[in-house]
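Visitor: I am new to this structure and would be grateful for a close look at a single part of it. Please take me through the salt bridges.

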Amino acid sequence: MAKEAVLTQDNVMKRGITLCSRCFLCGETAETVNHLFLHCKYTQQIWSIFLNRKGISWTMPRKVTEVLMSWEEEGVHAKDRSRWRIIPSAIWWAIWKERNSRCFESIVNNVQKVKLSCILFLVFWCNQLYSNDTTSIIDVLDSI
Ligand SMILES: [Zn+2]
């Protein structure tokens, strides 16, 4: 009976095998911060909620820091810049939670559910921003 090779972390290290963690969202490339939060085709669908809503056509910058600078520039036309500035955090939090759900719980949610989570994070945080405000989802989306 052939003994199966078990790829434990110890065996991997002894054999000198380099394991490259694949993106948990698309499974197509290595997971890096910039891929996961900016360039992943799954993540792009979340960004598109807001870009399409504002009619913004842009090429996704290479780095997270560049996105924040570009986002700030695009926010010049936002009705409420404070809310506008929260959007990247809401996107990244929704993506991070989905990534961890897939990684640690083997639960895969469809992109529509992640989009809704993102919007709900945004509304919740916007309502925290204006402490006594209980703005509706529609009001928040109309204000950005
Ligand atoms: Zn990906």
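Guide: Asp-80 is buried, with a relative accessible area of 16%, where buried means under 20%, exposed over 50% and partly exposed in between (1.4 Å probe, protein chains only). Asp-80 forms a salt bridge with Arg-83, their closest N and O atoms being 3.7 Å apart; the term denotes a side-chain nitrogen of Lys or Arg within 4 Å of a carboxyl oxygen of Asp or Glu. Arg-83 is likewise buried, at 7% relative accessible area. Salt bridges that share partners also join Glu-72, Arg-81 and Arg-85 into one network. Within it, the side chains of Arg-85 and Glu-72 meet at 2.7 Å, N to O. Because Arg-85 belongs to helix H5 and Glu-72 to helix H4, this pair ties together parts 13 residues apart in sequence; helices here are DSSP runs (H or I, at least four residues), numbered from the N terminus. Both partners are partly exposed, Arg-85 at 42% and Glu-72 at 29%. A further salt bridge joins Glu-66 and Arg-62, at 4.0 Å from N to O. Glu-66 is partly exposed, with a relative accessible area of 25%, whereas Arg-62 is exposed, at 57%. By this rule, the count comes to 7 salt bridges.

The model is predicted, so local features need pLDDT of at least 70 and side-chain atom pairs count only at pLDDT 80 or more, while totals for chains, interfaces and linings use all residues. Residues are numbered from 1 along each chain as its sequence is written, and side-chain values use heavy atoms, with hydrogens and water left out.

Methods. Helices (H or I, at least four residues) and strands (E, at least two) are DSSP runs, numbered from the N terminus.
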